Amino acid sequence: MVGCAAEMADKPGTLARWMRPDSRSRRLILAALVYVIAAGVFAAVAGPQRLSEHTQYNHYALLADAWLHGRWDLPTGPPPYAMNNDFVSFEGKTYISFPPLPAMLMLPLVKLSGNPENFRDGQFVIWLAALAPAFVFLVLEKLRRTGRSPRTEVQNSLLSLLFAFGTVYFFAAVEGTVWFAALVVAAAASALYVLFALDAEHPVLAGAMIGCLYLSRPPAIWMALLFALEALRVSIDGELPTEGSWQARLRSMLERLRWRDLARRYALFWVPILLVFAFVAWSNHVRYHRASPFYFDHEFLTVAWRARMEKWGMLNYHFLAKNLGVAFTSLPWLPAHGERAAFGTPFKVNEHGLALWFTTPVFIWLLWPKRFDGEPQRKWLYVVAAFSAALPALMDLLYQNTGWRQFGYRFSIDYAVLLFVLLAIGARPMKKLFWAAAAWGVAWNLFGALTFDHSQFQRFYFSDGSQTIVYQPD
């Protein structure tokens with residue numbers, strides 16, 4: 001026994017082996033630690049009611065329950081507590097109007113719960129919400145290991161926690177209701193997608209995650225550009241050309257392109273996406289007799305602004321100015337001269353939400369990446385990631401509403417993972433000013449998570465059911 005103990009003492013401990021620098025086990029342990037921290041904070045901020053009761057808008061649990069009874073519609077219509085908010089009415093039947101992936105994830109637990117009212121959907125979303133920051137850490141570490149990010153392991157850990165607590169993801173994570181559940185699920189899928197799409201390393205898995213995005217937040221599917229261009233890069237013999245005109249560089253790339261390898265990667269990527277499109281087309285045929293792979297449920301919504309959608313459609317240039325205004329210029333409202341007491345609080349937040357740069361000022365660092373001299377791969381990825389984020393951002397900016405009823409511009413969650421990728425590979429030094437901006441973001445988003453839809457809501461937020469008041473009236 002003594003000899004065995006001495007032999008074991010000479011060997012490195014299990015934890016030491018697991019925590020070897022740059023080992024896979026170390027990355028997974030640190031990602032798990034990020035998950036535990038995020039889940040603990042989300043649960044604490046959400047409070048006991050969110051953890052112990054179902055939410056008022058538990059549409060996904062209702063959809064899962066409908067499936068368990070072999071149907072797509074709700075036979076008794078919307079439950080009274082949901083106030084007929086965002087349900088579809090078609091041919092006398094009531095349907096859930098949202099893409100179904102969150103309901104798929106809830107299905108087994110709704111079954112175990114017996115009915116949707118017994119299932120704590122808000123708590124379920126909180127446990128899911130901690131996944132995205134953990135996956136963001138794995139993405140940032142992959143960038144570091146492959147030499148495209150100068151960020152250290154500690155900095156990547158802090159950035160992943162900043163994603164959790166320093167962006168509007170914080171308030172969305174603790175909300176748990178139908179609109180925010182979709183964003184939470186999509187954030188985890190988008191982080192895994194980026195992890196699989198970098199270097200086009202796992203085409204099938206990357207395609208599966210794009211399919212998951214389409215089944216939760218359709219605008220995020222435009223991030224597929226990242227895989228398309230990464231697959232192109234790794235299918236070229238040698239390094240990316242850096243000399244000559246863009247025409248000469250393009251010609252050089254095409255001459256060295258392994259077309260068969262590129263076609264194979266694209267085919268593997270598209271298989272799961274096409275399966276998802278087929279599923280959506282089938283579900284549309286079953287419900288609306290229209291076998292289309294595109295979502296059009298909102299055409300049948302029973303909401304006050306349905307006329308707006310009938311007039312302008314779901315996506316239109318008409319909505320761009322309003323959405324730009326909210327995303328980039330919406331600030332807290334201050335009381336007018338002599339009206340501070342009547343105002344009741346130092347400031348109010350419009351339900352259209354606060355500007356993206358105000359809630360997460362570290363995104364300003366994206367405008368000035370460090371020079372890419374002698375680093376063509378880093379430059380390539382920065383440009384590719386920027387365009388891959390810009391496409392879903394544009395879709396959101398053309399959408400028929402601003403994300404209304406929100407603390408901050410929640411649609412930014414669709415592409416927030418790519419914004420953190422850009423923060424990492426942009427390589428700007430993270431000095432005192434950066435961390436001051438990060439602290440500002442955490443403070444404001446903590447305020448949003450604590451007050452939005454909580455007891456202080458009416459005190460701090462300006463409510464406008466018409467969705468027309470964007471700026472503080474004169």
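The structure on display is a predicted model.

**First stop: the second largest cavity**

Please select Arg151, Trp365, Leu366, Tyr382, Leu422, Leu423, Gly426, Arg428, Met430 and Phe434, the residues that line the second largest cavity. Which helix gives the largest share of the lining? Helix α21 does, with three residues.

**Second stop: the largest cavity**

The count of cavities of 30 Å³ or more comes to three. For the largest cavity, select Leu63, Trp72, Ile96, Phe98, Pro99, Pro100, Ser283, Arg287, Tyr295 and Asp297, which form its lining. Its volume is about 60 Å³. Here, too, the classes may be coloured separately: seven lining residues are nonpolar, one is polar and two are charged.

Next, select Trp67, which is found in helix α5 (residues 59-68). Setting aside residues up to four places away in sequence, Trp67 touches Trp72, Pro100, Ala103, Met104 and Leu107. A distance drawn between the C-alpha atoms of Trp67 and Ala103 reads 9.3 Å, although the two residues are 36 residues apart along the chain.

Select residues 87-90 and 93-96, which are strands β1 and β2; the two run antiparallel and are joined by four bridges. Across the pair, Phe90 stands opposite Lys93 of β2. The strands form a hairpin with two residues between them.

Now centre the view on Glu91, in the loop between β1 and β2. What is the phi of Glu91? The value is near 50°, which is positive in a residue other than glycine. Most residues other than glycine have a negative phi. Glu91 counts as exposed because its relative accessibility is 58%.

To find Asp453, look in the loop between α22 and α23 (457-460). Asp453 is partly exposed, since its relative accessible area is 33%.

Show the aromatic side chains: the structure holds 50 aromatic pairs. Select Phe347 and Phe447, whose ring centres lie 5.4 Å apart with the planes at 65°, so the pair is edge-to-face. This pair links distant parts of the chain, as Phe347 lies in the loop between α18 (340-343) and β3 (349-350) and Phe447 in helix α22 (residues 432-451), 100 residues apart. Are Phe347 and Phe447 buried or exposed? Both are buried.

Then select Phe363 and Phe420. Their ring centres are 5.8 Å apart and their planes stand at 85°, so this pair is edge-to-face. Distant parts of the chain are linked again: Phe363 belongs to the loop between α19 (356-359) and α20, Phe420 to helix α21, and 57 residues separate them. Phe363 counts as buried because its relative accessibility is 9%, and Phe420 counts as buried because its value is 0%.

Select residues 224-234, helix α13, which is mostly covered, with eight of its 11 residues buried. The buried residues are Ala224, Leu226, Phe227, Glu230, Ala231, Leu232, Arg233 and Val234. What covers them? The cover includes α11 (178-197), α12 (203-214), α14 (246-255), α15 (259-288), α20 (376-397) and α21 (416-426).

**Last stop: Met309**

Finally, select Met309, located in helix α16 (residues 306-312). Met309 counts as buried because its relative accessibility is 7%. Apart from neighbours within four places in sequence, Met309 is in contact with His298, Leu301, Val303, Met314 and Gln400. The C-alpha atoms of Met309 and Glu299 are separated by 7.3 Å, and the two residues lie 10 residues apart along the chain.

Definitions and conventions:
Residues numbered from 1 in each chain as written. Predicted model: local features only at pLDDT ≥ 70, side-chain atom pairs only at ≥ 80, totals over all residues. Heavy atoms only, no water. Buried < 20%, exposed > 50% of the residue type's maximum accessible area, 1.4 Å probe, protein only. Contact = heavy atoms within 4.5 Å. 1 Å grid on protein atoms, 1.4 Å probe; cavity = no way out; pocket = protein on both sides within 12 Å on 5 of 7 lines; lining within 4 Å. Points joined across faces, edges and corners; volume = space filled by probe spheres on them. Nonpolar A, V, L, I, M, F, W, Y, C, P; charged D, E, K, R; others polar. Pairing = 2+ DSSP bridges. Phe/Tyr/Trp six-rings, centres within 6.5 Å; stacked < 30°, edge-to-face > 60°.
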